[in-house]
Amino acid sequence: MDKLSEIDRDRIFSWNKNPPKFIGLCAHDVFTRIAKEQPHAPAVEAWDGKWTYGELEHYSSALACVLRKSGVRTGEFVALCFRKSKWTAVAVFGVLKAGGAFVFLDHQHPIDRLRQICENVKGRFLLTSTFQLELANAVGPSLITHVVDEDLLTTSIKLGANFNVSVQPHHPAYAVFTSGSTGTPKGALISHDAIVSGTLLQQGACCLDRQSRVLNFAAFAFDANIYEHFWALLIGGCLCIPSEEDRLGDLEGAIQRLEANWSLLVPSFARCLDPKRLPSLKFLFLGGEALAQKDIDTWSPYLQLVNVYGPAECAIVATIQPLGPSTPPCTIGYAHAVLCWVVDEHDPQVLVSVGRPGELILEGPAISQGYINNPEQTAKAFITNPAWLPVERHSNRKLYKTGDIVRQNSDGSLYYLGRKDTQVKFNGRRIELSEIEHHARTALSNSAQEVIVEMGVLSPGSSTQALLAFILIANSQSTQSAELIKTPDEAFLKQVTDIKGLLLSKLPKYMVPEVYFPISFLPRTTSGKIDRKRLREEACVLPGDQLRTYMSSARRMNTDHELPLTDEERVLQRMWSFVLNLPLDHISRHDNWVHLGGDSLLAMKMVEIARKEGYKFSVVNVMKERTIAALARVTRSNYCREVDRCTGTLPKMPFALLNVGPDHISGIRQIVADQCQMSPEDIEDIYPCTREHYWMIPRAPGDIDYTLRVQAEIPERLDRDRLVEAWSATVKANPMLRSRVVELPDGQFFYAVFPDVVPLDFNPAENVDQYRHGRKLWKLASPLLCIGVEEDRLVMLIHHLIYDAYSVPLIFRNMERAYQGHSLPVTPYRPFRQALSESQDMKQQYWDQRFKGWTGSPWPSVKKDAGTPLETRKLHRQMPLHASDFTHSTTLHLTMAVTISWYLQVSDIVFGTVTSRRGAPVPGVQDIIAPMSALLPTRVRLGPLATIHENLQVLQEDSLDAMANELVDSRIFENVSGELATALRYQTLFTVEADVLADKFTLFRNISMEYDDGPTFMWNLGIHCSLSPDLVKMSVHISEPTISEEIDWDRFADRFCVAFDWIQRRPDIKLGQIFDKMATVSFCRDN
């Protein structure tokens, strides 16, 4: 108390001066009152049937009669063992009406754990369904078990369902079990008063009324499952229950079929859903995990989005925070059924000042009475009458110490910072690491051995969270200076097998570590405690091959579960093997696409191979689902139906993209033929240029011509005739190589495709002028390439209007395949151009929404009336690549945003990017030789207080969303205003591409490319990153005369290198820490 200023003391006590009142009712009494008021209203709509309130009241009373006659006493626990069903609501209220309390058993948990729970509550009774009867008998063969169905309750009704039970609000209503530090799960006891007060006092803040249709999504092991029942049925709404199959496989469809309008989800699962596909959903509450800004941006435009926080020891939730675009994701808001106090994390008797971190303590009617039959754990987690609590509020009621570190904002709201102990949230589940350690130690034969479990990274340079077990080697004599993590031997692997087997029998699967490390000693801090941080860090920096040894060890112990299970999974495994160039037995159904070396470019190849074999999914699907098991479930997704829709409507006839009638087509063909000095009958097709193409058309003398010179060495004994035929086949198969650009009278530019093939010239020395350096290819209505062979090299000049960076290796690959005797399928550009013109309104909405709220300005700033930028300086850097959980493109884009942020000192960054659009839903898109790339604005909202991993995760999700909307004609941007218009004036253009020269060919070697017209970057600042397998080659292009700022560009490039290095190597640190590192710029210099 002495640490508080007078102002802080006044504020804290004013916020907490009015404690919430106890409602003083039992849960079943509240339900019965509602049932009498609206007996015909829907209470439950489930996959297996429906109940009105009158029916649910009737059947739950009948079940209560059965239970009382069976001997259930007031306050006695009854276990519920069900799958998702309409009968769970009958069981819940039947138990409560009988005076009992219920505890849910999750059928996915080990039998031993379910038995522990039943023993802990001293239960004698178990309710189940026909489907779960076998499991129920295995859990409690000595328990009195009833199968809840029509037969049981109809018989009870006939016998008479009248009974009289005295249940008081302070009696227990239910228990929910969480992970326990002693190895035994601990059950938080919740009274009727707590659940009723927690529900009704928060009804308004939770946006609940009698029109609410609450989705029952949570698994039975989670307290949220209980809350969903009471949120619906103590308010007068309807509980919507999907089947287990729909819950995990088609939740979007289930929500729509059940017309659910209210749901609570963990953020990681919500990220798998598309808000545009859920028009019935009006309220989404997110909890159980940390939120990201991406979650807010994704959902808030479509519905009321709310962040909720609350441990199982607090009925329903503790705090509620409505979310808008500007709400910090870690803000957990205000309490409505409890009071919130923030105390010194080392001394709960001392309050901390507003704005200072401390442990959150909860007071009020919704708080648990403690842990069932566990006074020791109750004494640790609960306190009574702390020194700062006003004397008039002293009582025997408990206050709960959450163990969560928060700070109280000046408006009284709370900001979540983390945990003070070894409890972690893993995939939305609350886990005590010490419980896993306890069980693992029981499998060790040597009492001198030790097991430490941490949550850390799964693969080298990655931040995929996983449970890691560190096992002290038996009889180790190593000192603190020895090598910490050792190589696993056969004895260690056998021991791990024993440990994992025991853990699987005792714990839910999600609590079983994935990777096991043998350690030679226990690292200690200076205070003598085990140095858990060092263990995590040493695992994080292990070389990739070494870490894969530990990962493969874990896989070998679980081989039966890892192999593909279905024909579809086996086909996908074969595709992955081909695309990733990995042996089949190295790929399991749960392996991560990125961990195996996959990226978006390889995903494009995979999608195309899959389409040819009749499997339909998108690049976005591959990058989001990431495993064969998950990808197999979405191969017939709605996205793929959209692909079918797009590709099914593509015009099959030439000239269809002119969008004019037959009479006008003939007139246009004549104009084009006159320009090209050809016959109208020679024209195969005409289609419009995009706005990106317009930028590459020179309009005046001195404009950049964008002619690329490509050279390649060829074998001396090459068969010239076969090479000519190969070139001819390549051009015939790729209409864009036979295209010319023409201008119609209205000033619009079009591509015209002709059948003639630009010849392969074997005498370029006789046509020196045609191949001279600096030659400009551009000429209206003329061929846009020339190619020749001189001695042992091939020389090709090609204009950017008919190729992009992805096209160059395709040209060589086509020539090589044709030379080897393969036939080449025709890959027209027309289908892509048609897809580009569709659904533009929806895509414009996406781009408008993406830049809403951006208040920044383009960087670098430019001089007024500076004119057209033109490259005057160029820098080069090389940076090593490390394996990561994210694509290299995502890592580089975050680096670009961080570097700009260093100069602007803001966290909301916009710059331009070049996107290949090779993931478009167009058949054969991977094989089209054409200029398909686009220039689009990118927005990156950095979270300096979040880890690098969290920032990368948000950015990669953003990138996948953008990929689904990048098939956009830039004409839609011409008349935009507001934030998007400002964003489109970006001054920095960032490009990440695979090294097109890295492809290996048999005929063509030492391929080189350069623009013949000198500098071609027409941006104030351009950064181009070329990716090879282990290296990034970066070039920085600067238009110094047009930039108004004085910037040391060498230091700029070096800061980029420093940021990229730290982002790759230390994804666990806070992003804001990088800015300090960027002051050190000496290690990265021109190479």
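This is a predicted model: local features need pLDDT of at least 70, side-chain atom pairs count only at pLDDT 80 or more; totals for chains, interfaces and linings use all residues.
Visitor: How are helix H32 and helix H35 oriented to each other?
Guide: Helix H32 spans residues 888-904, and helix H35 spans residues 1049-1065. Their axes come within 9 Å and cross at roughly 130 degrees. The crossing is right-handed. Angles over 145 degrees count as roughly antiparallel and 65 to 115 as roughly perpendicular, so H32 and H35 are oblique.

Visitor: How many nonpolar residues does the contact of H32 with H35 have?
Guide: On the H32 side, the residues include Leu-892, Met-896, Val-898 and Trp-902. They meet H35 residues, among them Phe-1052, Phe-1056, Phe-1060 and Ile-1063. By class, the contact has 2 charged, 4 polar and 11 nonpolar residues.

Visitor: What is the hand of the crossing of H2 and H3?
Guide: Helix H2 (residues 27-37) packs on helix H3 (residues 53-70) at about 135 degrees, with the axes 8 Å apart. That makes the pair oblique. Phe-31, Thr-32, Ile-34 and Ala-35 in H2 meet Tyr-53, Leu-56, Glu-57 and Ser-60 in H3. The contact divides into 5 nonpolar, 2 polar and 1 charged residues. The crossing of H2 and H3 is left-handed.

Visitor: Which residue has its backbone nitrogen 2.9 Å from a polar side-chain atom of Thr-327?
Guide: Thr-327 belongs to the loop between E14 and E15. A polar atom of its side chain lies 2.9 Å from the backbone nitrogen of Gly-324.

Definitions and conventions:
Residues are numbered from 1 along each chain as its sequence is written. Side-chain values use heavy atoms; hydrogens and water are left out. Axes are lines fitted to C-alpha atoms, for helices over the stretch in contact, and angles run from 0 to 180 degrees between N-to-C directions. Helices (H or I, at least four residues) and strands (E, at least two) are DSSP runs, numbered from the N terminus. Angles under 35 degrees count as roughly parallel, over 145 as roughly antiparallel, 65 to 115 as roughly perpendicular and the rest as oblique. A crossing is left-handed if the near helix is turned anticlockwise from the far one by less than a right angle, and right-handed if clockwise. Contact means heavy atoms within 4.5 Å. Ala, Val, Leu, Ile, Met, Phe, Trp, Tyr, Cys and Pro count as nonpolar, Asp, Glu, Lys and Arg as charged, and the others, Gly among them, as polar. A polar contact is a pair of N or O atoms within 3.5 Å; within protein, one must be able to donate a hydrogen and the other to accept it, and residues adjacent in sequence count only if both atoms are side-chain atoms.
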